[in-house]
Amino acid sequence: MNARGLRLAASVSTLSLLLLACGDQVGPEGAAPGSSPSASGPAGAGTSAEPAVETDHQMEAIGPRTGEVANPDILIVSSTTLSESDIEAIDNVEGVTGTEQFSMAQAVIENEAFTVAAVNPATFRNFTALNIAESQEVWDRIAGGELALREELAKSLPHDSDGYYKLGSTEDAVTIHLGAKTDTVVKVDAVVNQTWAPTLGMVEGNALLVRTGLASPQSLQKTIEKLAGDATVAMVDAIALNGLDPNVRQTAVVTGTVADVVGVFRYTVLGGGRIAPEPSWVSSHIATQQVPILGTITCNKYLFPQLIAALREIQERGLADKIHPGEYAGCYYPRFIAGSTKLSNHSFGLALDLNVPGNLRGSVGEMDRTVVAIFKSWGFGWGGDWGYTDPMHFEMNRLVKPEVGSAGR
């Protein structure tokens, strides 16, 4: 593929393809996962045991994931490589908690432009939803030189019977083998590792993802725009995408069997899909306690009696090893569901995610079914029963009051 065909024009119209943050952000106490990634052989063939070998584009093994996982709030795109000094200046802005540099360009396929990102898979993965970040095979495939595509594109874009996709419309366009079907951080259509950038004629290091932690990205926008110069700065957090005003207090009135546990829930919106519940609600509803198996966790205080009872029964029945404390992804995490303004049950501290890597969304999951049955008997619903499954997810769906000496419900 020639360089001109792929080069990114840094303009608002180009960025209109990019303004959607995918997946939920993860903090120290939890997350609600986004889409389910999967490794893939030839399109439609499921998982291939043998990835395609691209010797010229095979990186060294990246190993297990390390570091914080959290979605980006701001996307910066330039027509030239972003300098180290510019990135350092942005890193030093008060409120910025992390950045990730990569290459971004457009590949025109059948008269439609698709966004391609050439990334360092070892670090870029930390800017995706937890279930995607934790999917080692997906990132190993990318590091190995294969292509990751959004799932709907893996079905619709032209490819050959061996699963090779042509990134462009010219006769000499580069073809890359499909390794994974998954969303990533913003509305990036295709992801390859950074060794592909020269081959694809991309401007290397012309894009930057920025995380702002608890700071509103809108409050940092002007400062970052000055530092970014001619580059385009776009808000990619859920608040910006849905047009919510961070200065307006929102109210959620919960109905159903656990309404009394939540009451009237008032909050303001922050950046990155996060919300700030009214402090008086937090002080009256949220607590940190020690529980069996998992250790110290933070949840809605009304959840603890039946959660402790469920975990204690799991322990007493010799099933404690079926729950992996190191793969627990939290309970109380005040935020919207990925890419929306809908509140997650994690916002109320009424849901918890267990054994994340083996129980990704859209899968049958590896959760022990006796453990599931015990949770259900103690008043929890299970995401594995949903139409679009989420087998790591358990949430309170009825109040159960444990009695002293009771082994059941």
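The side chains of Glu-68 and Arg-211 meet in a salt bridge, with 3.9 Å between N and O; the term denotes a side-chain nitrogen of Lys or Arg within 4 Å of a carboxyl oxygen of Asp or Glu. This pair links distant parts of the chain, 143 residues apart: Glu-68 belongs to the loop between β1 (38–39) and β2 (74–77), and Arg-211 to strand β9 (residues 207–211). Helices (H or I, at least four residues) and strands (E, at least two) are DSSP runs, numbered from the N terminus. Glu-68 counts as partly exposed at 45% relative accessibility, while Arg-211 is buried, with a relative accessible area of 7%. Buried means under 20% relative accessible area, exposed over 50%, and partly exposed in between (1.4 Å probe, protein chains only).

The model is a predicted one, in which local features need pLDDT of at least 70 and side-chain atom pairs count only at pLDDT 80 or more, whereas totals for chains, interfaces and linings use all residues. Residues are numbered from 1 along each chain as its sequence is written, and side-chain values use heavy atoms, with hydrogens and water left out.

The count of salt bridges comes to nine. Side chains of opposite charge can pair when their charged atoms come close. One of these bridges joins Glu-137 to Arg-141, with the closest N and O atoms 3.2 Å apart. Glu-137 and Arg-141 are separated by about one helical turn because they lie four residues apart in helix α6 (residues 136–143). Glu-137 is partly exposed at 37% relative accessibility, whereas Arg-141 is buried at 3%. Together with Glu-146, Glu-137 and Arg-141 are linked in a network of salt bridges.

A further salt bridge brings together the side chains of Arg-317 and Glu-313, at 3.0 Å from N to O. Arg-317 counts as partly exposed, with 48% relative accessibility, and Glu-313 as buried, with 7%.

Attention now turns to a sheet. Three strands form this open sheet in the order β16-β18-β17, with antiparallel pairing; two strands pair if DSSP finds at least two bridges between them. The edge strands, β16 (351–353) and β17 (380–382), each pair on one side only. On average, neighbouring strands of the sheet are turned by 25° against each other, direction ignored. Axes are lines fitted to C-alpha atoms, for helices over the stretch in contact, and angles run from 0 to 180 degrees between N-to-C directions.

Three bridges connect β17 with strand β18 (residues 393–396) in the antiparallel sense. Here Phe-380 stands opposite Met-396 in β18. Helix α14 (residues 369–377) packs on the sheet and touches β17 and β18, contact meaning heavy atoms within 4.5 Å. The direction of α14 makes about 140° with that of β17.
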